[in-house]
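Here's a quick briefing to read with the structure open beside you.

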Amino acid sequence: MTLDELRAEIEDIDREIVELIARRTYVAETVAQVKDERDLPTTDEGQEEQVMRRAGQNAERFDVDSNLVKAVFRLLIELNKVEQRESR
Ligand SMILES: O=C(O)C(=O)C[C@]1(C(=O)O)C=C[C@@H](O)C=C1
């Protein structure tokens with residue numbers, strides 16, 4: 001494979017990553033509606049711990065650095081909370 005081909009593959013993957021982030025954020029907006037109806041707080045620390053634990057397990061399964069993957073998920077959770085607070 002040439003460098004250009006490899007970079008085109010990275011470009012495709014990057015678009016998919018952004019699409020997945022958008023999907024995750026969209027679901028979080030729906031979660032915000034449900035929480036609003038039930039008068040629940042935006043932050044659920046127990047759920048965040050589960051998400052982070054799963055992120056670490058998945059990182060190990062795919063042999064990528066678990067601390068870096070967890071850092072990405074910490075940002076995704078924060079992004080969701082910002083979106084949820086804006087939509088409530
Ligand atoms: O599961 C929820 O209750 C969510 O709002 C989603 C989410 C997440 O991004 O995974 C975000 C905020 C909560 O503190 C916990 C988890």
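Helices α1 and α3 cross in a right-handed sense. This is a predicted model, and in it the axes of α1 (residues 3-38) and α3 (residues 66-87) come within 9 Å, crossing at roughly 45 degrees.

**Where α1 meets α3**
- On the α1 side, the contact uses Ile21, Arg24, Thr25, Ala28, Glu29, Val31 and Ala32.
- From α3 come Leu76, Leu79, Asn80, Glu83, Gln84 and Ser87.
- Sorted by type, the residues of this contact are six nonpolar, four polar and three charged.

**Helix α1 itself**
- α1 has 36 residues and spans 52 Å from first C-alpha to last, close to the 52 Å you'd expect at 1.5 Å a residue.
- It's hardly covered, though: of the 36 residues in α1, two are buried.

- Gln84 sits in helix α3.
- Is Gln84 buried or exposed? The cut-off for buried is 20 or more other C-beta atoms within 10 Å; Gln84 has 21, so it counts as buried.
- Setting aside neighbours within four places in sequence, Gln84 is in contact with Ala28, Glu29, Val31, Ala32 and Thr42.
- Gln84 and Tyr26 are 58 residues apart along the chain, yet their C-alpha atoms are separated by 9.7 Å.

**The loop between α1 and α2**
- Asp39 lies in this loop, just after α1, and takes a positive phi of about 60 degrees.
- Asp39 does that although it is not a glycine.
- With 6 other C-beta atoms within 10 Å, Asp39 is exposed.

**The loop between α2 and α3**
- Asp63 is found in this loop, and here too there's a positive phi, about 55 degrees, on a residue that is not a glycine.
- Asp63 is exposed, with 7 other C-beta atoms within 10 Å.
- Val64 lies in the loop as well, between α2 (45-61) and α3.
- Why does Val64 count as exposed? The limit for exposed is 12 or fewer C-beta neighbours, and Val64 has 10 inside 10 Å, so it qualifies.
- Not counting residues up to four places away in sequence, Val64 touches Ala59 and Val69.

Methods: Residues are numbered from 1 along each chain as its sequence is written. This is a predicted model: local features need pLDDT of at least 70, side-chain atom pairs count only at pLDDT 80 or more; totals for chains, interfaces and linings use all residues. Axes are lines fitted to C-alpha atoms, for helices over the stretch in contact, and angles run from 0 to 180 degrees between N-to-C directions. Helices (H or I, at least four residues) and strands (E, at least two) are DSSP runs, numbered from the N terminus. A crossing is left-handed if the near helix is turned anticlockwise from the far one by less than a right angle, and right-handed if clockwise. Two residues are in contact if their C-beta atoms, placed from the backbone, lie within 7 Å. Ala, Val, Leu, Ile, Met, Phe, Trp, Tyr, Cys and Pro count as nonpolar, Asp, Glu, Lys and Arg as charged, and the others, Gly among them, as polar. The expected span of a helix is 1.5 Å times one less than its number of residues.
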